[in-house]
Amino acid sequence: MVIIASFVSTTKELNKRETTGKTIGLDVGLNHFLTDSEGNQVENPRHLRKSEKSLKRLQRRFSKTKKGSKNRVKLRQVLARKHLKVSRQRKDFAVKTARCVVQSNDLVAYEDLKVRNMIRNRHLSKSISDAAWTQFRQWVEYFGKVFGVVTVAVPPHGTSQNCSNCGEVVKKSLSTRTHVCPHCGHIQDRDWNAARNILEIGLRTVGHTGTLIASGDIDLCTGGETPLGKSSRFKEET
Ligand SMILES: [Zn+2]
């Protein structure tokens, strides 16, 4: 129900979008769901994380029950309902976040996640974030078509290592959260730096030479558009 409602309100606004003159790069990660090239961050929604955890617990309990037992039958039903709930929540979050990002920009650049996951995410618990990222990306591309916004997936090579200010390579491990450039002195949150690189590559890819419009308000993304409420919030990071 929730999903249908937000979808309908979206299609109604078809072709209504005016160009914003804004372009944006997105870095998705585990610490935050995404960080954009202006430093805004969207957190992983807590309610979704909670549901995912309890779903996993439930799955473990289910697998321990005896085949053919009453308990197993009962748990199977609970599990099915829970599954449905989590997938609805995840979809709702992806739709909402993708929609607001696409609507506020003329170009959206993001990493090619399939490649990225193979490179960076090898050791990390994959299932949860992968599902969310993949779905998010699909919706970004979908809304891109709907609203006539350019969406571009860039190769992830070097996006976190290069300095977004001077372009030099600054090697850092996954645990290094801040980019500190010894070449030009640029200091920035790691993900923010990556998002700026992603935007830069995206712009190059589509052959834009125009200037970037510097930071503006992204109010579109702060409103609780869905009944699920505070699932995603943009937070200023300074
Ligand atoms: Zn630098």
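Q: What makes up the chain in this predicted model, in helices and strands?
A: There are six helices and eight strands. Along the sequence they come in the order α-β-β-β-α-α-β-α-α-β-β-β-α-β.

Q: How many of the chain's residues count as buried?
A: Of the 238 residues, 47% do. The cut-off behind that word is a relative accessible area under 20%.

Q: What share of the contacts with a separation of 6 or more joins residues 24 or more positions apart?
A: Such residues account for 70% of those contacts.

Q: Why is the arrangement around the zinc ion called tetrahedral?
A: Let's start with the donors: Cys163, Cys166, Cys181 and Cys184 each coordinate the zinc ion through SG, at 2.2 to 2.4 Å. The four donor atoms subtend angles of 107 to 113°. Four donors count as tetrahedral if all angles lie between 85 and 135 degrees, so the arrangement around the zinc ion is tetrahedral. For comparison, the ideal angle for four tetrahedral donors is 109.5 degrees.

Q: What makes cysteine 163 and cysteine 181 a pair that ties parts of the chain together?
A: The donor residues follow the spacing C-x2-C-x14-C-x2-C. Cysteine 163 sits in the loop between β5 and β6, and cysteine 181 in the loop between β6 and β7, so the parts they tie together are 18 residues apart in sequence.

Q: Which residues touch the most other members of the largest nonpolar core?
A: In this core of 24 residues, they are Leu26, Phe33, Leu34, Val108, Phe136, Val140 and Phe143. Two or more residues come from each of β1 (23–28), α3 (70–103), β4 (107–111) and α5 (127–147). The largest share, eight residues, belongs to α5. A second, separate core has eight residues, including Leu107, Ala109, Val154 and Ile201.

Q: What does valine 140 contact beyond its neighbours within four places in sequence?
A: Its partners are Ala98, Val102, Val108, Tyr110 and Thr151.

Q: How do you know that aspartate 92 is buried?
A: Its relative accessibility is 2%, so aspartate 92 counts as buried against a cut-off of under 20%. Aspartate 92 belongs to helix α3. From phenylalanine 136 it is 44 residues away in sequence, with 9.8 Å between their C-alpha atoms.

Q: What is the span of helix α6 set against?
A: The 17 residues of α6 (190–206) reach 25 Å from first C-alpha to last, and this is close to the 24 Å expected at 1.5 Å a residue.

Q: Why is α6 called mostly covered?
A: The count is 12 buried residues out of 17. Among them are Trp192, Ile198, Leu199 and Leu203. The covering elements include β1, β2 (34–36), β4, β5 (150–154), β6 (178–180) and β7 (187–189).

Q: What makes aspartate 189 a cap for α6?
A: A side-chain oxygen of aspartate 189 lies 3.1 Å from the backbone nitrogen of aspartate 191, at the N-terminal end of α6. Just after the helix, glycine 207 takes a positive phi of about 75°.

Note on methods:
Residues are numbered from 1 along each chain as its sequence is written. This is a predicted model: local features need pLDDT of at least 70, side-chain atom pairs count only at pLDDT 80 or more; totals for chains, interfaces and linings use all residues. Side-chain values use heavy atoms; hydrogens and water are left out. A nonpolar core is a set of buried Ala, Val, Leu, Ile, Met, Phe, Trp, Tyr and Cys residues joined through side-chain atoms within 4.5 Å. Buried means under 20% relative accessible area, exposed over 50%, partly exposed in between (1.4 Å probe, protein chains only). Helices (H or I, at least four residues) and strands (E, at least two) are DSSP runs, numbered from the N terminus. Contact means heavy atoms within 4.5 Å. The expected span of a helix is 1.5 Å times one less than its number of residues. A polar contact is a pair of N or O atoms within 3.5 Å; within protein, one must be able to donate a hydrogen and the other to accept it, and residues adjacent in sequence count only if both atoms are side-chain atoms. Donors are N, O and S atoms within 2.8 Å of the metal (3.2 Å for Na, K and Ca); water is not among the atoms, so sites may look incomplete. Four donors count as tetrahedral if all angles lie between 85 and 135 degrees; four count as square planar and six as octahedral if opposite donors are over 155 degrees apart and all others between 65 and 115; anything else is irregular.
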